[in-house]
Protein chains: 2
Amino acid sequence: MSTAEVSSTRLACPRQAAQRGTLSPERIVAVALEIADSDGLDAVSMRNVAATLGVGTMSLYTHVKDKDALLVLMRDAQFAECLVEDTGPDWRTGFTRVARQTRESLLRHPWAVALGLRPALGPNRLRHMEQVLTIAAEITDDPTAQRTIIHAVDDLVIGCATQELAARAIGADVPRPHCGLRRRINADPTLRALLASGEFPHLARVLAESSPFAAKRFEQALTWLLDGIERTYQPDA
Amino acid sequence: MSTAEVSSTRLACPRQAAQRGTLSPERIVAVALEIADSDGLDAVSMRNVAATLGVGTMSLYTHVKDKDALLVLMRDAQFAECLVEDTGPDWRTGFTRVARQTRESLLRHPWAVALGLRPALGPNRLRHMEQVLTIAAEITDDPTAQRTIIHAVDDLVIGCATQELAARAIGADVPRPHCGLRRRINADPTLRALLASGEFPHLARVLAESSPFAAKRFEQALTWLLDGIERTYQPDA
DNA sequence: CGGTGCACCGTACGGTGTACGGGCACGCAT
DNA sequence: ATGCGTGCCCGTACACCGTACGGTGCACCG
């Protein structure tokens, strides 16, 4: 008994312990999330994830079908961060809270936006859908209209986050004139010449001004959209 | 003379002709676009592009710094499709036309959306910015407000296209009940069980209905947003 | 005790981006 | 005319990727 126990744990693996129960989809996804958050999506390779877990690369495939499946699981994990605890007293604050939280989550995890085209359909996504549907149900009973409303809000949030992260990648998110975009254009001789050609009067004027904060732009756009929705379904207000 | 000429053209390259002037950034980008359109973004590899051009892989690097630079050039080429010839009589039709055209271009070239986070800053992007700035100038003279408006519209379009392409990838873009999303959920035992748990009353109801066409949703969302903008800057109408 | 299944893993294959160095053709100065 | 620099084209090589395949040993069941 005792000898068998010892031998089983010692001889199990030449390099490390890596017992039988060390691996699970949850642990794999958790590590992948950590790597993506700290080192970017490109650093999430099967080899890297496995090494971080102290495990052989191919062992991952017993718990995750594909790398693609792993990415989908990651995206669904991110969807959990979009859920709000309290949707508030009315649909407007409900949507506002969800939208803000979703935006912040996406900005925290740029890889989630990069995974945008991947159709993540998991439990958390379902929960998120249910939550926004509940909010939309306060506006109208028509399920089709509910979906239209939800999509509009979601689209705006995703687009905002995408653009904001792209601007951040350029370094154009600094809300001061002669920074960011302006500097970027000046760095490229072709673009600078193009701008100096006089064919871009409005652009030239705008570049001399400071740009509004991304957060401000987001709030304004959201307000406009919600205004439009309100006018359609509650014109009396 | 004649012998030198012949020898120079014949001995130039062991495999093919591939003379001196065959390569240029434009030709490279054009081929890359073709490949991306027909075989997807993953098919755009330096080896593949070079082979299609009948040229050695490393030759591309004399005209394009990086693969990343190539992708940026591709994105800028796509921006050309967002330009409209006639912006129409007023800002509303102007934004509507640009938004529609941009959406259609993105749906035609899904790889452009996948490149979303890449900060493409090229001549065509500049032209597009100038165009929408010209439209926004009809609303207000404040450059900051102009940028806010433009970003709002752009964000909505990008978000719409992203979501629509993601839905298309799932096969959830079919506007009939019990198709797309519903089928997808039923295919996964976990999700089906989750849905049957009764914790998703709104979702269950919605899945029984047909979803609106993506184009309709887009038009509605755009209308809402433009309504909101109009109410802010032209409350008299 | 024998057998079966499953979790783990080493190796290998075909793919990727690109650093490096070499060869060749051209244009220019001498 | 001759020599040379410059820039285009390219073959090779390296590190890394996802993953198909086969092997190995533990745990459990009959």
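**Figure 1. Surroundings of B:R103 in the predicted model.** Leaving out residues up to four places away in sequence, B:R103 touches B:V157, B:E164, B:A214, B:A215 and B:F218. The model shown here and in the following views is predicted. B:R103 belongs to helix 5 of chain B, which spans residues 91–108. With a relative accessible area of 9%, B:R103 is buried. One of the residues that B:R103 touches, B:E164, is joined to B:R103 by a polar contact of 3.0 Å between the side chains.

**Figure 2. The salt bridge between B:E164 and B:R103.** The closest N and O atoms of B:E164 and B:R103 are 3.0 Å apart, and the two residues form a salt bridge. This pair links distant parts of the chain, since B:E164 lies in helix 8 of chain B and B:R103 in helix 5 of chain B, 61 residues apart. Both B:E164 and B:R103 are buried.

Figure 3. B:D227 and B:R92 form a salt bridge whose closest N and O atoms are 3.0 Å apart. Because B:D227 lies in helix 12 of chain B and B:R92 in helix 5 of chain B, the pair ties together parts that are 135 residues apart in sequence. B:D227 is buried, at a relative accessible area of 18%, whereas B:R92 counts as partly exposed at 22% relative accessibility. A further salt bridge is formed by B:E219 and B:R100, with the closest N and O atoms 2.8 Å apart. Here too the pair links distant parts of the chain, B:E219 being in helix 12 of chain B and B:R100 in helix 5 of chain B, 119 residues apart. B:E219 is partly exposed, with a relative accessible area of 28%, and B:R100 counts as partly exposed at 37% relative accessibility. Over all chains, a search of the whole structure finds 14 salt bridges.

**Figure 4. The interface of chain B and chain A.** In this interface, 63 residues of chain B are in contact with 64 residues of chain A. Between them the two chains bury about 6100 Å², of which 73% is on carbon and sulfur atoms. On the side of chain B, the residues that lose the most area to chain A are B:L117, B:R147 and B:W224, together 13% of what that side buries. The interface of chain B and chain A has zero salt bridges, but 14 residue pairs in polar contact are found across it. Elements that give two or more residues to the side of chain B that touches chain A include helix 7 (123–136), helix 8 (143–170) and helix 12 (214–233) of chain B. Helix 8 of chain B provides the largest share of that side, 20 residues. By class, the side of chain B that touches chain A has 35 nonpolar, 16 polar and twelve charged residues.

**Figure 5. A:T162 and its contacts in both chains.** A:T162 lies in helix 8 of chain A, residues 143–170. Its relative accessibility is 7%, and A:T162 therefore counts as buried. Apart from neighbours within four places in sequence, A:T162 is in contact with A:V113 and, from chain B, with B:G116, B:L117 and B:I158.

**Figure 6. The relation of the two chains.** The same surface serves both copies, as 100% of the contact residues of chain B recur in chain A.

Terms used:
Residues numbered from 1 in each chain as written. Chains lettered and ligands numbered in written order. Predicted model: local features only at pLDDT ≥ 70, side-chain atom pairs only at ≥ 80, totals over all residues. Heavy atoms only, no water. Contact = heavy atoms within 4.5 Å. Helix = DSSP H or I, 4+ residues; strand = E, 2+ residues; numbered from the N terminus. Buried < 20%, exposed > 50% of the residue type's maximum accessible area, 1.4 Å probe, protein only. Polar contact = N/O pair within 3.5 Å; in protein donor to acceptor, adjacent residues only side chain to side chain. Buried area = accessible area lost by both parts, 1.4 Å probe. Salt bridge = Lys/Arg side-chain N within 4 Å of Asp/Glu carboxyl O. Nonpolar A, V, L, I, M, F, W, Y, C, P; charged D, E, K, R; others polar.
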